[in-house]
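Colleague: Please take me through this model, setting each value against its definition.

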Amino acid sequence: MSKTLLILAHPHIKDSFANKIIVEKLKTLIPDLEIDNIYEKYPDGKIDVKAEQEKLDKANTIILAYPMYWFNSPYLLLKWIEDVFTHGYAYGTNTYKLEGKKLIVSMTMGGAKDEYKGKFDVERLVGPLECTALFVKMKFGGYACTLDIPFTIKDTPDVAKAKTAELEKHAEKLAELAKN
Ligand SMILES: Cc1cc2nc3c(=O)[nH]c(=O)nc-3n(C[C@H](O)[C@H](O)[C@H](O)COP(=O)(O)O)c2cc1C
């Protein structure tokens, strides 16, 4: 049985609109989904590298989910990768412990589609994580991205309703990518 692990990197999940919906929907689509919000787990930023590597060893598919912050992921996800994907574990002579596992990216963004056309499109923003996957011989399984989530969304019920449907589709896409 394929095991899917969701690494959620949201510094304020209680205030989240988008990622909360994605996670709740995904739980219904992948019943044995393991979810780790690294901001809740490591509020001081000190990552238990051995525990994280052991958790990765047991997963076949890893979804990295986050709200876009400054055209990147929130910093703790970068630190998590830096700390956990060590030489001798994730890469090095004959030591590619993540080899063959699938990496999927889930991003939400405040900016509208039009702002991410051309040179700095969404594909480009996903690029560093795709490169990371390939460097450690994982399979890059694709990504889901929902744009145009205004900070004020909770004050506009019609917009929120339409976005909820879009975000549930986002979760469905992730579940599909995890399956294939
Ligand atoms: C510190 C910070 C930086 C942000 N940077 C970006 C950005 O670079 N591009 C963008 O489209 N949205 C940006 N946003 C908007 C968030 O991506 C958006 O609010 C989030 O994806 C919504 O998801 P949530 O409801 O789960 O929090 C930023 C938000 C914050 C708080």
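**Terms and values**

Modeller: With 180 residues, the protein chain has a radius of gyration of 16 Å, which agrees with the value near 16 Å for a compact globule. The radius is taken over C-alpha atoms, and the globule rule is 2.2 Å times the number of residues to the power 0.38. This is a predicted model, in which local features need pLDDT of at least 70, side-chain atom pairs count only at pLDDT 80 or more, and totals for chains, interfaces and linings use all residues. Residues are numbered from 1 along each chain as its sequence is written.

Colleague: What makes a residue of the protein chain count as buried?

Modeller: A buried residue has 20 or more other C-beta atoms, placed from the backbone, within 10 Å of its own. By that criterion, 30% of the 180 residues are buried.

Colleague: What makes a set of residues a nonpolar core?

Modeller: Its members are buried Ala, Val, Leu, Ile, Met, Phe, Trp, Tyr and Cys residues joined through C-beta atoms within 7 Å. The largest has 38 residues, of which Ile-7, Ile-22, Ile-63, Leu-64 and Ala-65 touch the most other members. Among the elements that each supply at least two residues are strand 3 (61-67) and helix 6 (157-179).

Colleague: Which residues is Ile-63 in contact with, leaving aside its neighbours within four places in sequence?

Modeller: Contact requires C-beta atoms, placed from the backbone, within 7 Å. Ile-63 has such contacts with Thr-4, Leu-6, Ile-7, Ile-104, Ser-106, Leu-174 and Ala-178. Among contacts between residues at least 6 apart in sequence, 83% join residues at least 24 apart.

Definitions and conventions
Buried ≥ 20, exposed ≤ 12 C-beta atoms within 10 Å, placed from the backbone. Contact = placed C-beta atoms within 7 Å. Helix = DSSP H or I, 4+ residues; strand = E, 2+ residues; numbered from the N terminus.
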